[in-house]
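The tour goes from one selection to the next.

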Amino acid sequence: MAKNILITGATGLVGRKLVPLLLQQGHRVSILSRKLHDIKGAQVFLWDVKQQTIDLMAFEGIDTIVHLAGAGIADKKWTAEYKQEVIDSRVQSTQLLYQSIKAANAPVSSFISASAIGYYGDRGEEILTENSEPGTGFLANCCLLWEEAVNEGIAMGLRVVKIRVGLVLSREDGALATMEKPVRYFVGAPLGSGKQWMPWIHLDDMANIFAKAVNDNEMAGAYNGCSPVPVTNKLFTKSIAQQLGRPVWPIRVPAFVLKAVLGEMSIMPLMSSNTSAQKLLDAGYKFAYLNLDSALNEIYATK
């Protein structure tokens, strides 16, 4: 059944893939953006989260919201000010959407939001399901506050879905572009212990998971948006090197070096999240890319 969907964050990595996918499926798509964009097949409306302004016309006839917007986690150094901006961009945008649904008396029945695997923090070998407790640290706290804001939709009688996004692999940008740079320039090596688990996912699967959440009214609650087969940092680095025909140095980049270079942000490549995708599998989602080699083969074959 075709739905009337309003999307935030449509110009981001996942959004750029998701919008044409939903249009191909026959849905009507509208977009909330800080700037006017020419996006084929979609109508664009303006909003400004910092100013708490929004065009209520965007909500006319809308039954589904897909919320992907938020300041980039790794876009800037983690100063106290930027960390607060990262949190506010997610929490305040969610609050503004719910306020606007009420103000416009919009017929919204489903609210589908991104979250992140960072919710779990650094957990070593522990297998993490959607029922696992949140972790500690900035990323976990950010995701917890984000999801608490999203959960307000439950009291409004909405179907609420939270996709905890893993490391999205794409030929365009995202985690893979960052991780391949040292390998490409012949300085590739495992980071930290190299044993930390990396919950990766191919961009195609990530977009299709959000599309399934739109189309499947039985989906509700949190889902780990990652492949059923996570890999360690050491194996991830080796797999990239094989694709690029580059060596991997038989040494590791010590954690203290990363901390000296990246500061608090060093937790991102060092944290271990051994996530389970069983809930998505139980919901009937069929992954196009189950293992890392198949995902990288597709990405590098078309790069």
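In which sense, left-handed or right-handed, does α1 pass α6? Bear in mind that this is a predicted model.

**Stop 1: two helices**

Select residues 13-24 for helix α1 and residues 203-215 for helix α6. The crossing of α1 past α6 is right-handed. Their axes come within 9 Å and cross at roughly 55°.

Now show side chains. On the α1 side of the contact, pick L13, V14, K17, L18, L21 and L22. The α6 residues that they meet are L203, D204, M206, A207, N208, F210, A211 and V214. By kind, the residues of this contact divide into 11 nonpolar, 1 polar and 2 charged.

**Stop 2: the sheet**

Hide the side chains and display the strands. In what order do the 8 strands of the open sheet lie? The order is β4-β3-β2-β1-β5-β6-β8-β12, and the pairing is mixed. Select β4 (53-54) and then β12: these are the edge strands, and each pairs on one side only.

Next, select β5 (residues 64-67) together with β6. These two strands run in the parallel sense and pair over 4 bridges.

**Stop 3: strand β8**

Select residues 159-165, which form strand β8. In total, 7 of the 7 residues of β8 are buried.

Strand β6 (residues 110-116) pairs with β8 in the parallel sense over 7 bridges, and A116 stands opposite V165. Strand β12 (residues 221-225) also pairs with β8 in the parallel sense, over 5 bridges. Here I163 stands opposite Y223.

**Stop 4: helices across the sheet**

Select residues 80-104, helix α2. Which strands does α2 lie across? They are β1 (4-8), β2 (28-33), β3 (42-48), β4, β5, β6 and β8. Relative to β5, α2 runs at about 170°.

Finish with helix α3, residues 138-150. This helix lies across β6 and β8 and runs at about 175° to β6.

Definitions and conventions. Residues numbered from 1 in each chain as written. Predicted model: local features only at pLDDT ≥ 70, side-chain atom pairs only at ≥ 80, totals over all residues. Heavy atoms only, no water. Buried < 20%, exposed > 50% of the residue type's maximum accessible area, 1.4 Å probe, protein only. Pairing = 2+ DSSP bridges. Axes fitted to C-alpha atoms, helices over the stretch in contact; angles between N-to-C directions. Left-handed = near helix turned anticlockwise from the far one by under 90°. Contact = heavy atoms within 4.5 Å. Nonpolar A, V, L, I, M, F, W, Y, C, P; charged D, E, K, R; others polar.
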